[in-house]
Amino acid sequence: MKCKKCTKKAVINLKSYNLSLCAEHFEDFFVEKTRETIKRYKLFSKNDIVIVAISGGKDSLALWYVLKLLGYKTHGFHIDLGIKFNNYSEISKQKVINFSEKNGLPVSIVSLKESFGFTIDEYKKMGQRTACATCGIIKRYLLNDFTRKTGADCLATGHNLDDETAVLLGNLLNWQMGYLKRQHPKLPASYGYFAPRVKPFCERTEKETAAYSFLKKIDYVQDECPYSENASSIFYKKIMNEIEQRSAGTKLRFLRGFIDNKKFFSEERGVEERLDICLNCGQPTVSSPCAFCRIVQRFQKVISSERRES
Amino acid sequence: MSVARVNVVYKGNEQVISEVRTVKEILEKLGINPNSVIVTVEDELVAEDYVLKNGDKVKIIDVISGG
């Protein structure tokens, strides 16, 4: 199969676009489509400072790389979760540092252990919640906290089309109206506390971000987080890929259709739900203390009772 | 198009696969959805219609991440 733009051999066949491309033209396509997404959803401008959440995986590193190529002002933020299995967190952190140095991009790193006294491994051992749910709460809290404190304009994450459609499918199957109301490529600032969150890769597939990372020789963590093995998001992604294989373009139509019909899931758009304030950290929350402070307090309680017993 | 015998690495396991002509046929034999992987042959990214040669080193890289 030849590239549709030149005579070179195609390295990827993008069935949803009816397009086969060589390495060079795929790289151009990928960057241009990201630029279009930023423009389509008015995610941010060239004057904005964008905090990029960097896990060390393909999506976040590719996003950081592309935003730099497009001339945006970025600052990376990485959370060391302290997952020791397969040296996962240490390898992730090192890949982030190496990438940052190689590309001359600034990064800040926060260690969960150093800042809050526990790791995801330790929390998992005593956890009632699944590791993914706890990790999600911790990441959202710390990413927002960093974005606010640095005075940056928004927080960008590497969520791709597969992530977005898997979440959408899960939320629709379970009629999670609260989550459906909030799912969008751009979540505006809210409650004078939560920084805007944006997803410039929301229309790029996971296959595209992996292919782009491979072609640009981006050294990313290929191992999956050891705790995500049975994550429902992976199950939903597999289902969406089966549908996509039978009907190319379904994932993109599913996401865009949802965004175009968002009004059906939003009551009184623009009106903020009333929230309390966390008495511990000051974050707006459904009930005080907030979910993040409850995680920290719960861990501290277990540690102090263990100390008393020993 | 003649059939080939190739070395395939997938999820850390190496195996020899015979009687295949293209990358697409390898994925079909292994029951892998093409949307969930990228494939390299001799360390070069290739599309599913890539025609294989005897002895080619094929690597199938999972792209699905979760959590």
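1. N18(A) sits in the loop that joins β1 (12–14) to β2 (19–21) of chain A; helices (H or I, at least four residues) and strands (E, at least two) are DSSP runs, numbered from the N terminus. Phi of N18(A) is near 50°, a positive value in a residue other than glycine. With a relative accessible area of 58%, N18(A) is exposed; buried means under 20% relative accessible area, exposed over 50%, and partly exposed in between (1.4 Å probe, protein chains only).

2. This is a predicted model, in which local features need pLDDT of at least 70 and side-chain atom pairs count only at pLDDT 80 or more, while totals for chains, interfaces and linings use all residues. Residues are numbered from 1 along each chain as its sequence is written, chains are lettered from A and ligands numbered from 1 in the order in which they are written, and side-chain values use heavy atoms, with hydrogens and water left out.

3. A positive phi, near 50°, also occurs at K42(A), again a residue other than glycine. K42(A) belongs to the loop between α1 (23–40) and β3 (49–53) of chain A. The residue K42(A) is exposed, its relative accessible area being 63%.

4. Is T119(A) buried or exposed? T119(A) counts as buried, at 8% relative accessibility. The loop that holds T119(A) runs between α4 (112–116) and α5 (120–126) of chain A. Apart from neighbours within four places in sequence, T119(A) is in contact (heavy atoms within 4.5 Å) with L81(A), G82(A), L112(A) and K113(A).

5. The peptide bond from S288(A) to P289(A) is cis, with omega near -5°. P289(A) is placed in the loop between β10 (284–285) and α12 (291–309) of chain A.

6. Chain A contains 12 helices and 10 strands. Its domain assignment, automatic or from a database, gives domain 1 (27–224 + 232–273) and domain 2 (276–310). The centres of domain 1 and domain 2 of chain A, taken over C-alpha atoms, are separated by 26 Å. Between these domains of chain A, 16 residues of domain 1 are in contact with 13 residues of domain 2.

7. For the 310 residues of chain A, a compact globule would have a radius of gyration near 19 Å, and the value of 20 Å for chain A agrees. This radius is taken over C-alpha atoms, and the globule rule is 2.2 Å times the number of residues to the power 0.38. The C-alpha trace of chain A spans about 75 × 45 × 40 Å along its principal axes. Of the residues of chain A, 50% count as buried. Among contacts in chain A between residues at least 6 apart in sequence, 69% join residues at least 24 apart.

8. Which order do the elements of chain B follow from the N terminus on? They run β-β-α-β-β-β. The radius of gyration of chain B is 11 Å, close to the 11 Å given by the globule rule for 67 residues, so chain B is as compact as a globular protein of that length. Along its principal axes, the C-alpha trace of chain B spans about 40 × 20 × 20 Å. Buried residues account for 49% of the 67 residues in chain B. In chain B, 45% of contacts between residues at least 6 apart in sequence join residues at least 24 apart.
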